[in-house]
Amino acid sequence: MDPHEAAEIELLSLSWNQDYGCFAAGTSHGFRIYNTKPFNETFRRDLKSGGFGIVEMLFRCNIMALVGGGANSQYPPNKVLIWDDHQGRCIGELAFRSNVRGVRLRQDRIVIVLEHKIYMYNFSDLKLLHQIETLANLKGLCCLSHHSITSVLACPGLCQGQVRVEHFGLKMTKFINAHDSHISCFSLTLNGFLLATASVKGTLVRIFNTMDGTRLQEVRRGIDRAEIYSIAFSPNVQWLAISSDKGTVHIFNLRVRVVGEDAPILPSGSGPALRHQNSGSSLDALISQNIGANPSSSLSFMKGVLPKYFSFEWSFAQFRLAEVTRYFAAFGLENTVMIVGMDGSFYRCSFDPVLGGEMTQLEYVRFHKGKVTCQDQSANSRANLLNQHFTTNFENEVIFL
């Protein structure tokens with residue numbers, strides 16, 4: 001790649017892997033993978049033939065899903081390529097009549113999100129298992145659980161403000177009327193039992209029990225309309241992180257958690273019993289005694305008299321950024337939060353789990369500056385293979401990097 005081409009490389013997308021240990025960056029000339037602790041670039045594939053608007057990782061393994069993006073890309077936006085970086089070749093592809101809006105992976109499933117439909121495939125042979133009709137979904141909103149003992153999918157429903165939750169293991173579908181306005185962003189816990197949602201207004205975030213649809217908690221990001229970019233649960237389901245176009249990442253303390261969240265391996269037949277435990281009549285069983293607490297209005301004691309606004313919970317901790325780009329937040333270890341921005345920035349900050357307040361910046365890296373260095377010979381050879389024809393002989397050999 002000549003210096004002029006290198007200087008024009010554009011960052012097209014950012015996506016966390018399932019445990020927040022890595023993130024993928026799709027560029028106008030390929031893709032790159034970054035490790036978060038310690039922060040470093042794991043590898044990159046620089047291609048003259050175009051780039052990828054969607055790069056979806058499968059934890060830390062060699063398998064990922066790629067969808068073309070950017071100007072003059074030779075990779076069509078209506079085709080999903082399953083790339084094996086260990087073999088250095090494409091091991092499968094799925095083509096559609098309309099552009100792909102999102103891809104989600106788990107070890108046994110591939111989920112493809114189109115504007116009005118979602119398809120779920122078996123990972124080993126690409127057999128179609130399920131298809132779901134949705135409301136217009138230009139953002140490609142969709143979430144999967146990632147524990148082996150649960151198989152949960154959340155996606156937009158067919159009504160404004162509605163989220164559809166599929167518990168495939170229990171053969172149960174739940175429709176949650178989360179907001180009056182259109183859904184803008186949502187997230188599931190790793191086992192799929194809790195759902196956090198935000199609407200296009202971006203002022204409130206609501207947490208639901210996906211088993212029975214009960215609203216468990218409601219927190220306020222702010223009073224002005226905002227676009228929510230990301231919602232993330234901490235691994236221990238004690239905290240919730242939210243980023244928006246207001247340039248502030250908010251951390252909220254969760255007062256609720258599904259019974260068994262800390263012990264994801266559930267005994268066989270526990271589904272119906274868990275559903276009974278999580279009914280609205282047994283809400284006390286979902287209350288967790290966490291260290292910190294979200295501040296509320298000083299007038300909240302008058303919530304029966306004053307407007308509802310004064311009784312909301314506000315964020316426990318905050319980190320402020322420039323309002324110049326999209327930021328996506330995720331949790332690290334030991335009360336830390338990681339933030340990646342579409343301007344090529346990476347932040348690591350910490351918050352006090354007792355006092356909250358303003359977070360402390362621990363690390364800052366500019367990982368993308370619009371320039372790239374010459375890749376090594378192995379990267380060149382793999383890029384050449386990616387530029388060649390693709391095979392549909394799907395051989396799933398997963399190797400963890």
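The dialogue below sets values against definitions.

Mentor: This is a predicted model, in which local features need pLDDT of at least 70 and side-chain atom pairs count only at pLDDT 80 or more, whereas totals for chains, interfaces and linings use all residues. Residues are numbered from 1 along each chain as its sequence is written, and side-chain values use heavy atoms, with hydrogens and water left out.

Trainee: Why is Ser181 called buried?
Mentor: Buried means under 20% relative accessible area, exposed over 50%, and partly exposed in between, with a 1.4 Å probe and protein chains only. Ser181 has 14% relative accessibility, so it counts as buried. Its place is in the loop between strand E16 (172–177) and strand E17 (183–188); helices (H or I, at least four residues) and strands (E, at least two) are DSSP runs, numbered from the N terminus.

Trainee: Which residues does Ser181 touch, not counting residues up to four places away in sequence?
Mentor: Contact means heavy atoms within 4.5 Å. Under that rule Ser181 touches Gln160, Gly161, Ser199, Val200 and Lys201.

Trainee: Why is the pair of Phe23 and Phe346 called stacked?
Mentor: Rings of Phe, Tyr and Trp (its six-membered ring) pair if their centres lie within 6.5 Å; planes under 30 degrees apart count as stacked, over 60 as edge-to-face and the rest as tilted. By this rule the count comes to 21 aromatic pairs. For Phe23 and Phe346 the centres are 6.4 Å apart and the planes at 10°, so the pair is stacked. Phe23 belongs to strand E2 (residues 22–27) and Phe346 to strand E27 (residues 345–350), so the pair ties together parts that are 323 residues apart in sequence.

Trainee: What makes the pair of Phe23 and Phe367 edge-to-face?
Mentor: The distance is 5.2 Å centre to centre, and the angle between the planes is 65°. Both Phe23 and Phe367 are buried.

Trainee: How do you know that strand E22 is largely enclosed by the rest of the structure?
Mentor: Six of the six residues of E22 (residues 239–244) are buried, so the strand is largely enclosed. Trp239, Ala241 and Ser243 point one way from E22, while Leu240, Ile242 and Ser244 point the other way.

Trainee: What makes E22 and strand E23 (residues 248–253) a pair?
Mentor: Two strands pair if DSSP finds at least two bridges between them. E22 and E23 pair in the antiparallel sense over five bridges. Within this pairing, Leu240 stands opposite Phe252 in E23.
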